[in-house]
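Please read the following explanation with the sequence and the 3D view side by side. Turn the view to each part as it is named.

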Number of protein chains: 2
Amino acid sequence: MNNQTSNRPDPAAGTFYGIGVGPGDPELLTLKAVRILHHVDIVFAASSIKNSYSLAVEIARPHLSEAADIRLLSFQMSNRAEEKESLWAENADIILAELEAGRNAAFLTLGDPLTYSTCGYLMRLIAGKNPDIQICSRPGIPSFLAAAALLNQPLVEGDESLLISSGAPGGAELRKHGKGIPNVVMLKVYKHITDINQALIETGLMEGSRGVSRCGREGEEIIDNVVELENRKPDYWSLIIAKRQP
Amino acid sequence: MNNQTSNRPDPAAGTFYGIGVGPGDPELLTLKAVRILHHVDIVFAASSIKNSYSLAVEIARPHLSEAADIRLLSFQMSNRAEEKESLWAENADIILAELEAGRNAAFLTLGDPLTYSTCGYLMRLIAGKNPDIQICSRPGIPSFLAAAALLNQPLVEGDESLLISSGAPGGAELRKHGKGIPNVVMLKVYKHITDINQALIETGLMEGSRGVSRCGREGEEIIDNVVELENRKPDYWSLIIAKRQP
C-alpha cells in the first residue's frame, strides 16, 4: 500500500499529506484524517488574501490540539494566470522549506483532496521542486455525497452512469456531456444559475433536480425547486443533484 | 439538518441508518459512522446465501463492540427478478420488525450507501411498508476516491467533468457517455475487461488509464497498463480511472 509519489523518498525529509476534511460537518472526517492531524507537525490551509479565515481549519478544529501549529496560506483567486502561479509557487516553497527541514505537514482541503481541489496543483509543484519528498493524499467525503445523504436520495444505482460537472462556467459542461445521462451533479452553481437551469431544461433533467446549499453547516438548506435559486443569489456553497425522471 | 424521509416519524419506532464503511481500510470510516455503530441496537449487513461472510462487517469490525448484535441478511445475486425481489422484501420485513419494536438499526454498505449501493432499494422498501419510520443515510468514502488517493492522481480538476460508470455490462456506458469527457471512473471491470478496454480505445482514453484492485485491502494492487488485465481474470474489486491525455 505504497502511495507515495517518490520512488526513493528522502528519509530525512517530512511527508506531505493532502487531507480531505469533508464539506462541513466535523464528524465527516475519517478516522485516518484525524489520526494524521494528531501526528503532523504543521497544518497548512488556504485562506483568501483578505482575511485570516479558513473554512477547512474550522471543520478540522475539533480535531486539532490547542498547541497545533496552523499556518494559513494565501491563495487569492486571481484571474491573472501569472499572479496566480507566482502565489502558488511561493506557497509551495513555504511548505517545502518545512518538509525539507524534516517536519511532517498536512494541507487541509474541503471535501476530497483529489476532487476539484487545489491540492493537486500543490502536490505537483512540490514534487516538481523536490522529487524526493514523500507525498500522500487521504480521501474525504465530497460535498455531493453529503448532499445525497441529506436528500436521502440514491445518487446512482444499478448499471447507470453519473456525470459530475462544475457549474462555474455555466451550463456548458452539462450541455456537452449531459445528453441522455440519468444522473448529474452540478457543483458551484452560485454564479450562473439561470444558464445552468436552462441547460437542465435542454437536457431534460430539470424535473428531477434538487439543490443543496451549505451542506452540513449553519444555514444548510434543501431547495426542492431549483428555479427559485434564480430569484436570489445562491450561496457560494450550492450544488444541484439531478435524476432523470422516467 | 433534517434528513429523515418521514415528515411525522413514529417516536416509538427505531431509526434506520444506511451507513457507508468505505472500500476496505477500517480507518476510512467517518467519525459519524463509528459513533452510530456504537449506539445502534442492531447492525445488519448483506451476505451471499452460500456463506456467512460480509466484507462490510469485516471493515467495520474494529469499531464494533464484542457484544454487538450483528445480523447477516442473505441477498443472493439472482438473475431472476422475481426471486430477487422476494428476497429483498423478506429482508426489509426482518429489519422493519426490529424498527417497529423500537430498536435502532444500521445497515452497513461498502463505500457510500447512495452510490451504486443496494441500500437505496432497502430504504425504499422500508419506507413503502411503513412511511413513519425515520430513515437516514450517512456517507462513506467510495472506492474511486480511495483509489485516486492510492494513485495520488487528481480525479477531476478546474472546470472539467467526471463520468462515473459501471463496467458490469461492459463498455456500453462508456461508449454512450464518454465521448470527449476528460475524466472517467469505470467500476466493476472484472467481467468484461476486453470490451471495456476496447471502449477505452474507441473513446481515446486508453493512454491515460490505470487500474486498482482490492483498494485498501490485502492484495491491493495498482495496474499501470490495464491491457494486462485481459491476461488474467481481474479481481472482483477492480476499477479503472482514466484521464484523457493532452
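The paragraphs below go from the contact between the chains to the charged pairs, then to a strand and a helix.

The model shown here is predicted. Begin with the place where chain A and chain B meet. Chain A gives 62 residues to this contact and chain B gives 63 residues. Between them the two chains bury about 4900 Å², with 57% of that area on carbon and sulfur atoms. Polar links are present as well: 30 residue pairs, both members at pLDDT 80 or more, are in polar contact between chain A and chain B. On the side of chain A that touches chain B, at least two residues each come from α1, α4 (119–129), β5 (134–138), α5 (143–151), β6 (162–166) and α6. Sorted by class, that side of chain A has 30 nonpolar, 19 polar and 13 charged residues.

Which strands pair across the two chains? Strand β6 of chain A pairs with strand β6 (residues 162–166) of chain B. The two run in the antiparallel sense, and 3 bridges join them. To find the place in the view, look for A:L162, which stands opposite B:I164 in β6 of chain B.

Is A:N152 buried or exposed? With a relative accessible area of 10%, A:N152 is below the 20% limit and therefore counts as buried. The side chain of A:N152 makes a polar contact, at 2.9 Å, with the side chain of B:S137.

Next come the charged pairs. How many salt bridges does the structure hold over all chains? The count is 30. Between chain A and chain B there are 8 salt bridges. One network of salt bridges links A:D25, A:E27, B:K32 and B:R35. Within it, A:E27 forms a salt bridge with B:R35, and their closest N and O atoms are 2.5 Å apart. Another salt bridge joins the side chains of B:E27 and A:K32, at 3.9 Å from N to O. This pair crosses between the chains: B:E27 is in the loop between β1 (15–20) and α1 (31–39) of chain B, while A:K32 is in helix α1 (residues 31–39) of chain A. A:K32 is buried, at a relative accessible area of 14%.

Other salt bridges stay inside one chain. In chain A, A:R175 forms a salt bridge with A:E202, with the closest N and O atoms 2.7 Å apart. A:R175 belongs to helix α6 (residues 172–177) and A:E202 to helix α7 (residues 193–202), so this pair ties together parts that are 27 residues apart in sequence. A:R175 is partly exposed, at 24% relative accessible area, and A:E202 is partly exposed too, at 47%.

In chain B, the side chains of B:E98 and B:R71 meet in a salt bridge, at 2.9 Å from N to O. Here a helix is tied to a strand: B:E98 lies in helix α3 (residues 81–100) and B:R71 in strand β3 (residues 70–74), parts 27 residues apart in sequence. B:E98 is buried at 12% relative accessibility, whereas B:R71 is partly exposed at 27%.

Now move to strand β4 (residues 105–109) of chain A. How many of its residues are buried? The number is 5 of 5. In a regular strand, side chains alternate between the two faces of the sheet. In β4 of chain A both faces are covered, with A:A105, A:F107 and A:T109 buried on one side and A:A106 and A:L108 buried on the other. Strand β1 (residues 15–20) of chain A pairs with β4 in the parallel sense over 5 bridges, and A:F16 stands opposite A:A105. Strand β2 (residues 42–47) of chain A also runs parallel to β4, joined by 3 bridges. There A:I42 stands opposite A:A105.

Finally, turn to helix α5 (residues 143–151) of chain B. Of its 9 residues, 8 are buried, so the helix is largely enclosed by the rest of the structure. Among the buried residues are B:F144, B:L145, B:L150 and B:L151. What do the buried residues of this helix pack against? They pack against β5 of chain A, together with β6, β7 (183–187), β8 (209–213), β9 (221–223) and β10 (238–243) of chain B. The helix is followed by B:N152, whose phi is positive, near 55°.

Note on methods:
Residues numbered from 1 in each chain as written. Chains lettered and ligands numbered in written order. Predicted model: local features only at pLDDT ≥ 70, side-chain atom pairs only at ≥ 80, totals over all residues. Heavy atoms only, no water. Salt bridge = Lys/Arg side-chain N within 4 Å of Asp/Glu carboxyl O. Helix = DSSP H or I, 4+ residues; strand = E, 2+ residues; numbered from the N terminus. Buried < 20%, exposed > 50% of the residue type's maximum accessible area, 1.4 Å probe, protein only. Contact = heavy atoms within 4.5 Å. Buried area = accessible area lost by both parts, 1.4 Å probe. Polar contact = N/O pair within 3.5 Å; in protein donor to acceptor, adjacent residues only side chain to side chain. Nonpolar A, V, L, I, M, F, W, Y, C, P; charged D, E, K, R; others polar. Pairing = 2+ DSSP bridges.
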